[in-house]
Amino acid sequence: MSVAHQDMTTKVSIAKDFSRYPAGRTDSDGPYNGQKFRRKFLVEPLKKGRQVTVVLDDASGYGSSFLEEAFGGLVRTEGIPLEDVKRLLHVVAHGAEYKPYITLINLYIESAEACRPIGAS
Amino acid sequence: MKRFSPGRKDYLAKHAVWSFRQGQRHKEWKRTQRRRQSGVRLGTKGKLTASDQEVSIVCPDVLDLDSNRTECVKLVNRLRGASSGQPPARFFVDFKSIREVTVPGALLLAAELQRWNIMHPTAKLKAVDVVEWDPTVRSLLAQMGFFDLLDVTDEIPMLTHTEKIYIPFTSRAKRNPQAAHEWVDNNLKNVVDGIPMSVQLVGAISEAVINVMEHAYKKQRVRRWWLSGGFDSSSKKVRVIVWDQGIGIPERIKTHDSWGKLARILKIFDLTNHAKLIEAAFAVGKTSSQKPYKGKGLSDVKMYFESINNDGMLRVLSRRGEFGYRRKNGHVGKISDNHLSDLHGTLIEWEFVL
């Protein structure tokens, strides 16, 4: 794993640091699922107030299950406030095929607010 | 050594014969009981006739769900029925009759044969008279991996310089969407260059596969998905197919929590209109999940079609319904049809022209 840490910013490439074949929500879908990605790369730095940049390029493809679980799950399951996620998380894509996913991910994060655990700040 | 009187010897000999015949009668009775339980019809005098011991299925000459749907569905249902019960003493499927086979037809056939092998692991199917099969059909089925199911060790003569290439199928009993990713990378892209928005195609197939294993099956013993495709170099058409042998979308969507609301919004009054029920699944992306952040399976399927501008088609065949979209010269139209034949499963097909 070669996750770059620069000051308070963490940069992670899904294809290079996690898997070229990310798929599914949980372990029952396979080893490179959204829940695992979220817990391994996103939760800790975001909860500590660190900026996280996620690079989407070079993966074979993304299904909505993986993206919703990995990113929507930050708000829905981990209880991280929506404002914090929007402020600290940056999703980037250089290839044209990957850019549409940025909008989708933002949509999943926004929609997850309605399902956030009760009592989470 | 004990000596017996002649009378005693005679008695013992007759008793031995009687005991032997009793044993034979008992064995025959047991055999009859077993046959009755397996449902095999008995001929006259309790003996099996030659026709009772053998089940023979002749494949249609054209295995194409478009031009010969009734016969194709009949074949699938007969194979499904044969694999569901006790295996007959002899089971013979005549492939020599097939003159033309499409990717969906070949995949459905392969799936039924794989199902048979799973249901009857000690009575796996074997290919016979392969040299007598139509050479083009034989070559295409071999490309798809058909003969791996039939334990064929001899090399299958393959035709070269053909316009059509069928891509080896993959199948899993688990969700395993990664297998779908790998199939695109290692199989589809080996045959087809320049797949438009391949990243989205991978996402669509991946979600279709997850959807199958999460919602398609209820209590069936064989719960799998199959994935295959083909390329026609003359028309530059690419086809990708996902197939399952589940209960079908028209059946599944009626059990959804929001079914009543969905039916009202989409004005679904006739539950025999399976095309409309598939359209409903498309329209709202409904699944049987009760969580609002889930239920995006068919949306992803459609998203790929919407992400490309190529002429092509997306359609779903399930039970008696068929629904989808076709794009020709930039214009998108709907495909909606109901058939008399009942296809037990769901087939998702993406087709596009490079």
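# Rings, helices and strands in a predicted model

Guide: Welcome! One aromatic cluster is formed by A:Phe18, A:Tyr32, A:Phe37, A:Phe41, A:Tyr62, A:Phe66, A:Phe71, A:Tyr98 and A:Tyr101. This is a predicted model, in which local features need pLDDT of at least 70 and side-chain atom pairs count only at pLDDT 80 or more, while totals for chains, interfaces and linings use all residues. Residues are numbered from 1 along each chain as its sequence is written, chains are lettered from A and ligands numbered from 1 in the order in which they are written, and side-chain values use heavy atoms, with hydrogens and water left out.

Visitor: How many aromatic pairs does a search of the whole structure find?

Guide: The search finds 21 aromatic pairs over all chains. Rings of Phe, Tyr and Trp (its six-membered ring) pair if their centres lie within 6.5 Å; planes under 30 degrees apart count as stacked, over 60 as edge-to-face and the rest as tilted.

Visitor: What kind of pair do A:Phe18 and A:Phe37 make, and why?

Guide: Their ring centres are 5.3 Å apart and their planes stand at 65°, so this pair is edge-to-face. It links distant parts of the chain: A:Phe18 sits in helix H1 (residues 14-18) of chain A and A:Phe37 in helix H2 (residues 34-47) of chain A, 19 residues apart. Helices (H or I, at least four residues) and strands (E, at least two) are DSSP runs, numbered from the N terminus.

Visitor: Why does A:Phe37 count as buried rather than exposed?

Guide: Buried means under 20% relative accessible area, exposed over 50%, and partly exposed in between (1.4 Å probe, protein chains only). A:Phe37 has 0% relative accessibility, so it counts as buried. A:Phe18 has a relative accessible area of 11%, so it is buried too.

Visitor: What makes the pair of B:Phe282 and B:Phe323 tilted?

Guide: The centres of these two rings are 5.7 Å apart and the planes are at 55°, so the pair is called tilted. B:Phe282 belongs to helix H10 (residues 274-284) of chain B and B:Phe323 to strand S8 (residues 312-328) of chain B, so the pair ties together parts that are 41 residues apart in sequence. B:Phe282 is buried, at 4% relative accessible area, and B:Phe323 is buried, at 0%.

Visitor: Which residue lies over the face of B:Phe305?

Guide: That is B:Arg327, at 4.3 Å from the ring centre. A charge sits over a ring if NZ of Lys or CZ of Arg is within 6 Å of the ring centre and within 35 degrees of the ring normal.

Visitor: Where is B:Asn68 found, and is it buried or exposed?

Guide: B:Asn68 is in the loop between strand S2 (62-63) and helix H3 (69-84) of chain B. Its relative accessibility is 16%, so B:Asn68 counts as buried. Leaving aside residues up to four places away in sequence, B:Asn68 touches B:Pro60, B:Asp61 and B:Val62, where contact means heavy atoms within 4.5 Å.

Visitor: How do you know that strand S6 (residues 225-232) of chain B and S7(B) pair?

Guide: Two strands pair if DSSP finds at least two bridges between them. S6(B) and S7(B) have eight bridges, in the antiparallel sense, and B:Phe231 stands opposite B:Val238 in S7(B). In their hairpin, with four residues between the strands, B:Lys236 takes a positive phi near 60°. S7(B) is also joined by eight bridges to strand S9 (residues 331-353) of chain B, again antiparallel, with B:Val242 opposite B:Ile348 in S9(B).

Visitor: How much of strand S7 (residues 237-244) of chain B is buried?

Guide: Seven of its eight residues are buried, and the strand is described as mostly covered.

Visitor: How do you know what helix H6 (residues 177-191) of chain B should span?

Guide: The expected span of a helix is 1.5 Å times one less than its number of residues. With 15 residues H6(B) should span 21 Å, and its end C-alpha atoms are 21 Å apart, which agrees.

Visitor: Where is the kink in H6(B) centred?

Guide: It is centred on B:Val184, with a kink of about 35°. The bend at a residue is the angle between axes fitted to the seven residues ending there and the seven starting there. The buried residues of H6(B), including B:Trp183 and B:Val184, pack against strand S5 (164-172), helix H7 (198-216), S6 and S7 of chain B.
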